[in-house]
Amino acid sequence: MATQQYRIVSAEDSELHGEPHIEGSRITVRDVYGRVEQRGLAPDRVAERYNLDIADIYEALAYYHNNPEEMRQVEKRHERAAAEARERLSLTPPDA
């Protein structure tokens, strides 16, 4: 019997800003979720675009849904970073 090898690197083990991703790539679980479930792209097109196996795409989607707390934490970090970036952009330089 073959043993399934999973290719998702968890946020805890990730070197990509602490974000779960497909092993051997820089494609994050969040990115796959966004492209397939939010933008409506076909999983096979996403796999083809990033030169991944279709199983990697479905595994990333399964990981997203099987780890809701971890993914909420990732989303919160992204929201905080975006808010900080907006704040930096809105600051006006002091008068010289």
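The following dialogue explains how to read several features of a predicted protein model.

Me: What conventions apply to this model, and which elements does the protein have?

Reply: The model is predicted: local features need pLDDT of at least 70, side-chain atom pairs count only at pLDDT 80 or more, and totals for chains, interfaces and linings use all residues. Residues are numbered from 1 along each chain as its sequence is written, and side-chain values use heavy atoms, with hydrogens and water left out. Helices (DSSP H or I, at least four residues) and strands (E, at least two) are numbered from the N terminus. The protein has four helices and two strands, in the order β-β-α-α-α-α from the N terminus.

Me: Which residues have the most contacts inside the largest nonpolar core?

Reply: In soluble globular proteins, nonpolar side chains tend to be buried together. A nonpolar core is a set of buried Ala, Val, Leu, Ile, Met, Phe, Trp, Tyr and Cys residues joined through side-chain atoms within 4.5 Å. Here the largest core has 16 residues, and Ile-22, Val-29, Val-32 and Ile-57 have the most contacts inside it. Helices α1, α2 (43–49) and α3 each supply at least two residues of this core, the largest share being the five residues from α3.

Me: How are α1 and α3 packed?

Reply: Two packed helices are described by the angle between their axes and the distance between the axes. Axes are lines fitted to C-alpha atoms, for helices over the stretch in contact, with angles from 0 to 180 degrees between N-to-C directions. For α1 and α3 the angle is about 100 degrees and the axes are 9 Å apart. Helix α1 is therefore roughly perpendicular to α3, a class that covers 65 to 115 degrees; under 35 is roughly parallel, over 145 roughly antiparallel and the rest oblique. Contact means heavy atoms within 4.5 Å; Val-29, Val-32, Tyr-33, Val-36 and Glu-37 of α1 meet Ile-57, Ala-60, Leu-61, Tyr-63, Tyr-64 and His-65 of α3.

Me: How many aromatic pairs does the whole structure hold?

Reply: Rings of Phe, Tyr and Trp (its six-membered ring) pair if their centres lie within 6.5 Å; planes under 30 degrees apart count as stacked, over 60 as edge-to-face and the rest as tilted. The search finds one pair: Tyr-33 and Tyr-64 are stacked, at 3.7 Å centre to centre with 5 degrees between the planes. This pair links distant parts of the chain, with Tyr-33 in α1 (residues 29–38) and Tyr-64 in α3 (residues 54–66), 31 residues apart. Both Tyr-33 and Tyr-64 are buried.

Me: Are Asn-51 and Leu-52 buried or exposed?

Reply: Asn-51, in the loop between α2 and α3, is exposed, with a relative accessible area of 72%. Its phi is near 55 degrees, a positive value in a residue other than glycine. Leu-52 also has its place in the loop between α2 and α3, but is buried, with a relative accessible area of 15%. Beyond its neighbours within four places in sequence, Leu-52 is in contact with Arg-7, Ile-22, Ser-25, Ile-27, Ala-47 and Ile-57.

How values were computed: Buried means under 20% relative accessible area, exposed over 50%, partly exposed in between (1.4 Å probe, protein chains only).
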